Amino acid sequence: MSTGNHPRSFKLFASIGLFCAVALTGAVSVHASTQSRVDHSDKDAHEVQAADIVRDPSDLPSPIGNRGPAVVHVALTSKELIGVLDPAAGTTYRYWTFNGKVPGPFIRVRQGDTVEVTLNNPKDSTMVHSIDFHAVIGPGGGAALLQVPPGQSKTFTFLATTQGLFVYHCGSPMIAQHIANGMYGLILVEPPGGLPRVEHEYYLMQGEFYTTAPKGKSGLQQFSPGNLMAENAQYYVFNGAVDSITREYPLHANEGETVRILFGNAGPNAAASMHMVGEIFTRYYQFGSLSNPPLEGIQTATIPPGDAGIFEVKVSNAGQFTLMDHAISRMEKGNMAVLQVKGPENTALMHAGPATPGAGTQEISGVTAADADEVDHIRPSSAGLSVPESAMNMPGMNDMSSMASNPPPFSLESLGGLIGCLTNENDGKAMLKLFHSSKEYRLEAQPFMFSENGGRLVHVTGHFGSVLTVEDPHVPSYVVDTVDAIAPNCSPKTTYADIKKALAPPEAPVGAVVTMGSTSFEPATVTINAGEQVVWKNTSGYYHNVVDDPARALNRVDVSFPSGTASFGSSLLQPDTTFYHVFNEPGTYHYVCTVHETAGMRGIVIVRPGPLLASGGK
């Protein structure tokens with residue numbers, strides 16, 4: 001193998017000098033050195049043909065089994081390329097990688113193996129690159145022998161002495177910048193005889209990206225040395241990009257199988273606190289050590305930057321499980337993965353509704369008597385509209401299973417919320433007396449809408465509970481999201497037919513039907529004609545909403561609508577409920593579910609001009 005033809009007097013100091021000459025100018029722009037990957041016919045950064053740099057988490061070598069020591073050859077190539085950082089936002093970034101993916105290749109060896117590593121640095125690279133293996137005993141973890149200028153390759157050899165999972169990364173200065181641009185990976189040194197067999201192994205690394213613009217900005221983003229030094233990351237991601245392990249490569253398993261996650265925290269600055277929502281790690285090999293027995297029954301494990309951990313979980317219930325850094329605001333910056341488990345629902349582990357104790361089973365309180373008293377007046381959120389059962393039997397009330405090109409059957413049940421007479425009391429309270437019922441609720445959170453709709457029959461959405469420090473224990477409260485007037489007064493002559501007529505969606509043709517999964521809109525993009533409506537149906541077991549309002553979105557850049565039009569949005573949609581909206585103006589509308597916005601639950605409606613508009617008619 002070629003080791004370069006430069007004289008050995010080309011020392012590390014010369015490499016540092018080359019780095020400084022480039023890096024101190026700030027972020028590197030797109031140069032001719034990337035012509036093999038970038039189309040420069042259009043100089044606009046938005047037209048760069050960006051690569052998919054995400055490493056498939058199932059891309060691992062096979063376990064070593066029961067073989068003896070061997071000489072293992074590893075060839076890595078440093079690649080600088082434009083890649084997709086956030087596909088939903090159209091964000092790209094100049095990555096520095098090993099072999100064109102983030103993280104670099106997963107390397108698997110046996111304790112006692114002799115490992116020969118060759119690093120190739122193409123001549124079109126702008127930087128000196130190297131590798132520091134945390135599994136190596138020797139200066140720089142090998143980086144002292146592997147500083148490779150553009151156009152050269154070098155080789156070094158080491159003995160794998162210690163079993164465990166170890167990080168490797170570029171060791172050329174400024175090291176933090178090379179790591180932050182994507183130059184890292186993992187090497188597993190298995191013990192003699194190998195690790196115990198599991199059904200699935202996955203390779204994940206958490207990394208940070210430091211850009212001049214905040215998350216959500218479209219186009220080619222520049223590296224920010226200032227944000228790096230201030231430890232102010234704009235992105236926290238798994239395997240190099242937003243949505244990498246939620247949409248592109250979600251993890252999969254069947255109920256009863258064991259999943260092993262080989263995890264590394266590249267940093268370069270922040271510790272990771274790994275947690276899987278709805279699961280408990282069966283075994284955790286702390287800091288990647290295989291010399292010590294694993295911990296068992298772990299909820300969250302903290303892994304410093306530059307360290308690793310091996311997580312095993314025997315999945316015992318079907319569903320979708322979220323893996324994340326429990327420094328939980330990082331979900332807003334892209335940090336999320338999902339494990340999708342197939343199989344029957346295990347209701348013995350969890351089910352909706354109260355417990356059903358067997359004969360002779362003792363029932364006791366798990367909290368103090370005082371705390372138990374606090375929940376006496378609390379009620380669960382309504383499963384539907386609070387109207388008499390007889391009204392639920394009206395034609396079309398439960399027929400929500402199919403939606404054709406005509407407007408779907410409308411039902412009051414699909415609305416959720418409450419219907420009643422809104423009154424404003426002298427003491428400032430807003431009260432809602434349910435339609436054709438003696439029940440009454442105190443309304444909270446929207447005083448302006450309450451004052452505007454006093455004395456009217458209204459439909460309100462929201463949830464049961466209170467935002468007040470002290471709540472009247474005798475009058476249950478309802479925290480309101482939306483208020484829609486049904487009638488100008490509370491006349492007892494109002495019928496259910498009147499209510500249906502007032503609240504039913506316009507009789508516009510249905511241009512598209514979008515279903516809501518656990519964290520996605522399907523299809524994510526629909527195209528309709530002006531004057532048609534889109535129907536969203538919540539087919540999942542979770543609460544969702546549909547929001548195209550920058551004031552309600554977690555990230556304003558996630559939503560948009562054509563100039564001259566108004567935003568739209570729903571309240572929280574319970575499972576098996578629907579939302580409708582008619583689009584009269586052509587253009588592109590970007591919307592989100594704010595409940596799962598950080599999980600990438602976003603959608604697009606493209607509205608074409610209607611026939612009259614398209615033909616120029618009036």
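The legends below describe several close-up views of one predicted model.

Residues are numbered from 1 along each chain as its sequence is written, and side-chain values rest on heavy atoms, with hydrogens and water left out. Because the model is predicted, local features need a pLDDT of at least 70 and side-chain atom pairs count only at pLDDT 80 or more, whereas totals for chains, interfaces and linings use all residues.

**View 1. Phe156 and Phe158 form a stacked aromatic pair.** A search of the whole structure finds 24 aromatic pairs, a pair being rings of Phe, Tyr and Trp (its six-membered ring) with centres within 6.5 Å, called stacked if the planes are under 30 degrees apart, edge-to-face if over 60 and tilted for the rest. The ring centres of Phe156 and Phe158 lie 5.8 Å apart with their planes at 25°, so this pair counts as stacked. Phe156 is buried at a relative accessible area of 6%, and Phe158 is buried as well, at 6%; buried means under 20% relative accessible area, exposed over 50%, and partly exposed in between (1.4 Å probe, protein chains only).

View 2. Trp536 belongs to strand β29 (residues 532-538) and Tyr591 to strand β31 (residues 587-592), so the pair ties together parts that are 55 residues apart in sequence; strands (E, at least two residues) and helices (H or I, at least four) are DSSP runs, numbered from the N terminus. Both Trp536 and Tyr591 are buried, and both belong to one aromatic cluster, whose members also include Phe521, Phe568, Phe579, Phe583 and Tyr589.

**View 3. Arg330 lies over the face of Tyr236.** The distance to the ring centre of Tyr236 is 4.5 Å, and a charge sits over a ring if NZ of Lys or CZ of Arg is within 6 Å of the ring centre and within 35 degrees of the ring normal.

**View 4. Cys421 and Cys490 form a disulfide.** The structure holds one disulfide, a term used here for a pair of cysteine sulfur atoms within 2.5 Å, and the sulfur atoms of Cys421 and Cys490 are 2.0 Å apart. The torsion about their S-S bond is about 85°, so the disulfide is right-handed. The pair links distant parts of the chain, 69 residues apart, with Cys421 in strand β21 (residues 418-424) and Cys490 in the loop between β25 (477-487) and α6 (496-503). Cys490 is partly exposed, at 30% relative accessibility.

**View 5. Two cis peptide bonds involve Pro173 and Pro268.** The bond from Pro173 to Met174 is cis, with omega near -10°, and Met174 lies in the loop between β7 (164-169) and α2 (175-180). The bond from Gly267 to Pro268 is also cis, with omega near 15°, and Pro268 is placed in the loop between β13 and β14 (272-276).

**View 6. Asn99 and Glu231 have positive phi values.** Asn99, a residue other than glycine, has phi near 65°; this residue sits in the loop between β2 (91-98) and β3 (107-110) and is partly exposed, with a relative accessible area of 29%. Glu231 has a phi of about 55° although it is not a glycine, and its place is in the loop between α3 (225-229) and β11 (235-238).
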